[in-house]
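Please walk me through this model, beginning with the chain as a whole and ending with its side-chain pairing.

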Amino acid sequence: MSEAVTAPAYRIIPIIPVLKPGAMEGSGPYVANDKIQGALGFPGELVDDWHDQAIAKMGELLGKYRSLKYTWTAACIAEHAR
């Protein structure tokens, strides 16, 4: 027979672990492969006007998908709160 499982006491304010400086050191962004890039309408390789193309495509996608707009906004807010 299995042991009884007990839940920890409920806390109104959660305990947030202490951040460790350098925990993400050496980490980088996830780079999507050519197949994923192509599905999004991005070129598979870095082109001279990559910045303009990326901004234009993001504008198109943000206008098309409301959920992306929310996710993008939430990510920006989280980044600026740091």
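Of the 82 residues in the protein chain, 4% are buried. The model is a predicted one.

The secondary structure consists of three helices and zero strands. Read from the N terminus, the order of elements is α-α-α. Helix 2 covers residues 50–64, and Lys-57 is found in this helix.

Lys-57 has a relative accessibility of 16% and counts as buried, because the cut-off for buried is under 20% relative accessible area. Which residues does Lys-57 contact once its neighbours within four places in sequence are left aside? They are Leu-40, Gly-41 and Phe-42.

Lys-57 also takes part in a salt bridge, and its partner is Glu-60. The closest N and O atoms of the pair are 3.2 Å apart, which is within the 4 Å that defines a salt bridge. A search of the whole structure finds one salt bridge.

How are the two partners placed in helix 2? Glu-60 and Lys-57 are three residues apart there, so about one helical turn separates them. As for accessibility, Glu-60 has a relative accessible area of 43% and is partly exposed, because that class lies between the limits of 20% and 50%. The salt bridge thus joins Glu-60 to Lys-57, with Glu-60 partly exposed and Lys-57 buried.

Notes
Residues numbered from 1 in each chain as written. Predicted model: local features only at pLDDT ≥ 70, side-chain atom pairs only at ≥ 80, totals over all residues. Heavy atoms only, no water. Salt bridge = Lys/Arg side-chain N within 4 Å of Asp/Glu carboxyl O. Helix = DSSP H or I, 4+ residues; strand = E, 2+ residues; numbered from the N terminus. Buried < 20%, exposed > 50% of the residue type's maximum accessible area, 1.4 Å probe, protein only. Contact = heavy atoms within 4.5 Å.
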